[in-house]
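Please read the following points beside the sequence and the model. They move from conventions to the overall fold, and then to one helix and some of its residues.

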Amino acid sequence: QFLRRQQVLQLYRGILRALRHVPAEEDRRYLKDWAREEFRRNKDATEEDAIRMMITQGNMQLRELQRTLKLAKS
């Protein structure tokens, strides 16, 4: 449980860090609110498989966001 919590916090921080690079303030605020709401909505999840799946999906979305931001810069 402790390790899962660390993974979730690491994912959340990674998303917030990536969102700093979103150029438009309005988009950045929207995405930040969306991420915060997603984490809040799932904070009471207890089923190990479901948590693992959410972490995996979150990491995939983070990588996609990072890739998109990198492409937008070039």
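1. Contact is used throughout for heavy atoms within 4.5 Å. On that criterion, and leaving aside neighbours within four places in sequence, Val 8 is in contact with Phe 39 and Ile 55.

2. On provenance, this is a predicted model, in which local features need pLDDT of at least 70 and side-chain atom pairs count only at pLDDT 80 or more, while totals for chains, interfaces and linings use all residues. Residues are numbered from 1 along each chain as its sequence is written, and side-chain values use heavy atoms, with hydrogens and water left out.

3. The chain has three helices and zero strands, and its elements run α-α-α from the N terminus on; helices here are DSSP runs of H or I with at least four residues, strands are runs of E with at least two, and both are numbered from the N terminus. The C-alpha trace spans about 40 × 20 × 15 Å along its principal axes.

4. How much of the chain is buried? Buried residues make up 19% of the 74 residues, where buried means under 20% relative accessible area, exposed means over 50%, and partly exposed lies in between (1.4 Å probe, protein chains only). The accessible surface of the chain comes to about 6,200 Å², of which 52% belongs to carbon and sulfur atoms; these areas come from the Shrake-Rupley method with a 1.4 Å probe, and for residues only the protein chains shown count as cover.

5. The largest nonpolar core consists of nine residues, namely Leu 11, Ile 15, Ala 18, Leu 19, Val 22, Ala 35, Leu 62, Leu 65 and Leu 69. Helix H1 (2-19) and helix H3 (48-73) each supply at least two residues of this core, and the largest share, four residues, comes from H1. A nonpolar core is a set of buried Ala, Val, Leu, Ile, Met, Phe, Trp, Tyr and Cys residues joined through side-chain atoms within 4.5 Å. Within this group, Leu 65 touches Ala 18 and Leu 19, not counting residues up to four places away in sequence.

6. Why do the buried residues of H1 lie on the same side of the helix? The residues concerned are Arg 4, Leu 11, Gly 14, Ile 15, Ala 18 and Leu 19, and they share a side of H1 because they cover an arc of only 130° around the axis, the arc being that of the directions from the helix axis to the C-beta atoms. What covers these buried residues includes helix H2 (25-41) and H3, whereas the face turned away from the buried side carries the exposed residues Phe 2, Arg 5 and Gln 10.

7. Two further residues of H1 deserve a check against the model. Leu 3 lies in H1 and counts as exposed at 64% relative accessibility. Val 8 also lies in H1, but is partly exposed, with a relative accessible area of 27%.
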